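Here is a briefing on strand pairing, sheet order and helix packing. Please view the structure first.

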Amino acid sequence: MGVSSRPQNGGSLRRVLQAARTRRRRAPPAPFGEARLFEAFLDTAPESVYFKDGDSRFLHVSQALAESWGCSRREELVGRSDSDFLAADVAAQTAAEEQGVMRSGRPFQGDEQYVGRGGEGLWLETWKLPLRDGAGRIVGTFGLTRDVTRRKEAEEEVARQARRLARIVETQRDVAAAALTVEQAMTLVCERVQELTGAGGAAVMLRDRDVLAQRVATGFLAGSTLELADGSAGGDVPAAWRGAGIRSLIRAPLVHGGTEVGLVVVASKDLDAFRDDDLKALELLTGVVAAALSQAAELEAKRAEVQALDRFRSVFECASIGIMRFCLTGRVIEANPALEDMLGTSTSALRDRAVQEVISDRIDAALLSRLAAGADDCARFEQRIVTAHGRSVWTQVTITLEQSPEHGVAIAMIEDIDDRKAAEAALRLQLSVNEQLALHDPLTGLANRTLFHDRADAAIAEAIREQASFALVMIDLDRFKDVNDSLGHQVGDALLREIADRLQTRLRATDTVARLGGDEFGVLLPGADRVAAAGVVGALRTAIERPAVHHGVPITVDAAIGIALYPEHGADMDTLVRHADEAMYAAKHGTAAGPFYEPGRTTLPQGERRRAAG
């Protein structure tokens with residue numbers, strides 16, 4: 001990439017840069033020499049910086065590095081090596097990395113875990129680069145290390161929360177998919193809560209008059225007879241629980257139909273065993289499974305209640321979920337008040353209508369025949385229902401037969417699950433965002449190196465299967481550093497985004513363009529032969545070289561482009577990338593007649609070989 005020197009719009013960027021250089025020549029001399037500035041940098045730099053000779057001995061270090069290794073003065077490290085301060089295996093690994101940098105001429109970057117002087121775990125981000133003399137020979141290494149422990153801890157926390165959310169969603173699916181009894185559903189809740197919080201025990205406690213009695217429990221709470229006073233809240237541990245050795249306690253309510261019916265309790269024998277996010281996880285899991293738990297309990301209760309429907313009309317009238325009775329021919333008999341409220345219509349308006357019209361066309365003759373024949377105990381599914389007011393409501397519908405002298409009557413229980421669906425949608429959105437961040441470049445939105453490699457592997461597999469060809473294109477923007485240095489990184493970033501947009505608009509939906517790093521791009525053209533690839537690359541070059549204007553100043557971009565064809569130029573990803581890189585290098589230095597890889601042409605110098613396949 002470069003800055004255009006052709007006059008456009010009454011001026012050129014060359015004149016702007018020339019004026020800037022003239023001002024720099026006229027500027028007063030710096031108050032310190034380069035040596036003094038270098039020493040000031042090493043004395044005050046907050047990062048650990050070092051310079052080493054070819055035998056990995058320290059030539060210069062920053063004061064921050066010296067102090068991190070227990071030295072009061074940085075001169076104390078001169079002539080010494082890592083083996084004087086680090087464990088033998090760690091020092092050997094560090095020396096091997098530095099020798100690799102000196103052999104290859106390529107920088108090394110990595111995250112490494114250490115044990116600090118106080119025994120604490122530290123994550124350090126390290127850059128190691130070749131140190132060259134005035135003639136350009138590599139005579140040692142220099143590097144920079146910064147503490148990224150907080151970033152690593154934050155990343156681990158995000159991953160841990162994602163695992164928790166995934167486990168919560170899995171629990172919801174497990175409870176919904178399995179035909180669990182009330183006891184089984186409660187036990188599963190306790191097991192998952194105990195797993196997610198790392199607690200020693202968990203219990204579901206249900207209201208019994210003025211106390212909350214333990215219904216099921218896991219861990220060390222299993223088999224106990226502990227109780228809580230009705231209305232108890234907070235994290236305080238009751239005296240009776242402390243007497244059982246419990247020192248930490250968190251709890252969350254189980255709510256059904258707007259009424260608290262019990263608590264999920266998590267306990268530990270360790271003091272301050274739980275964090276705020278443990279309570280949030282407990283509340284979220286309890287909210288996810290409460291509906292399923294209530295559903296299991298109500299399903300069992302309703303089966304008993306409908307055996308004598310005429311004798312227990314109050315149950316039908318006062319139920320918090322919608323209930324409909326209909327005959328096996330599919331005609332509605334009646335609906336309870338909760339369903340009338342949900343649908344926005346009355347029983348009289350529903351009577352004799354087809355249940356398929358009111359609830360779902362999934363309640364067909366085949367489903368009712370299976371229930372009547374005893375092949376299924378019940379049918380359960382989720383259904384979006386549109387009310388008389390035009391509101392769309394997600395519901396869970398459970399169909400069962402009414403066990404009563406009045407033969408041929410079925411019961412539909414309809415529960416509003418809009419809130420649960422919203423929670424599931426939020427979780428799916430978060431997972432989608434995580435996937436987008438993992439596979440795409442944050443600056444341009446293009447595919448990143450990981451996704452590019454996946455698509456390349458898929459292209460190879462497809463080409464083998466279909467006995468077809470494809471093209472792999474490498475693009476490098478010349479002199480991009482000049483734009484960053486003269487106009488700033490903000491302009492450089494905006495230019496990269498514009499180029500990314502231009503590239504995408506010139507490609508098919510089946511093609512892939514990726515930003516591989518810095519000013520380097522990769523393009524996959526499935527099914528392309530030499531002619532097709534040349535045509536696409538010509539269009540890409542035209543798009544790239546069209547001037548971009550920033551604050552009235554035109555900026556042009558030149559591109560070096562190399563093409564490798566499968567299988568003509570290689571049968572695997574590494575070979576294709578290497579040959580496309582060599583073709584691009586030849587194009588950049590004017591040693592090639594065209595953009596395609598030419599076998600036998602001089603390969604890339606070792607110090608300039610790219611790592612697009614790495």
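**Strands, sheet and helices**

In β5, T126 has T145 as its bridge partner. The model is a predicted one.

**Pairings of β5**
- Strand β4 covers residues 121–132 and pairs with β5 in the antiparallel sense, over 9 bridges.
- The hairpin of β4 and β5 has 5 residues between the strands. In this hairpin, G136 takes a positive phi near 90°.
- Strand β1 (residues 48–53) also pairs with β5 (residues 138–147). This pairing is antiparallel too, over 6 bridges.
- Strands of a sheet pair through backbone hydrogen bonds, in either a parallel or an antiparallel sense.

**The open sheet**
- Five strands form an open sheet in the order β12-β11-β15-β14-β13, with antiparallel pairing.
- Which strands stand at the edges? They are β12 (332–335) and β13 (378–386). Each has a single partner strand, so one side of each is left without a neighbour in the sheet.
- From one strand to the next, the twist averages 25°.
- Inside the order, β14 (residues 392–401) and β15 (residues 409–416) run antiparallel and are joined by 7 bridges.
- The bridge partner of I399 in β15 is A412.
- In a regular strand, side chains alternate between the two faces of the sheet.

**A helix across the strands**
- Helix α13 (residues 365–372) lies across β11 (322–327), β13 and β14.
- Relative to β14, helix α13 runs at about 40°.

- A319 sits in the loop between α9 (313–318) and β11.
- Is A319 buried or exposed? Its relative accessibility is 13%, so A319 counts as buried, the cut-off being under 20%.
- A319 and L339 are 20 residues apart in sequence. Their C-alpha atoms are 9.4 Å apart in space.

**The α16 and α17 pair**
- Helix α16 (residues 480–487) packs with helix α17 (residues 489–505) at an angle of about 140°. The axes are 6 Å apart.
- That angle makes α16 oblique to α17, because only angles over 145 degrees count as roughly antiparallel.
- From α16, the contact uses F480, V483, N484 and L487. From α17, it uses H489, V491, G492, L495 and L496.
- The contact residues divide into 6 nonpolar and 3 polar, with no charged ones.

Terms used: Residues are numbered from 1 along each chain as its sequence is written. This is a predicted model: local features need pLDDT of at least 70, side-chain atom pairs count only at pLDDT 80 or more; totals for chains, interfaces and linings use all residues. Side-chain values use heavy atoms; hydrogens and water are left out. Two strands pair if DSSP finds at least two bridges between them. Helices (H or I, at least four residues) and strands (E, at least two) are DSSP runs, numbered from the N terminus. Axes are lines fitted to C-alpha atoms, for helices over the stretch in contact, and angles run from 0 to 180 degrees between N-to-C directions. Angles under 35 degrees count as roughly parallel, over 145 as roughly antiparallel, 65 to 115 as roughly perpendicular and the rest as oblique. Contact means heavy atoms within 4.5 Å. Ala, Val, Leu, Ile, Met, Phe, Trp, Tyr, Cys and Pro count as nonpolar, Asp, Glu, Lys and Arg as charged, and the others, Gly among them, as polar. Buried means under 20% relative accessible area, exposed over 50%, partly exposed in between (1.4 Å probe, protein chains only).
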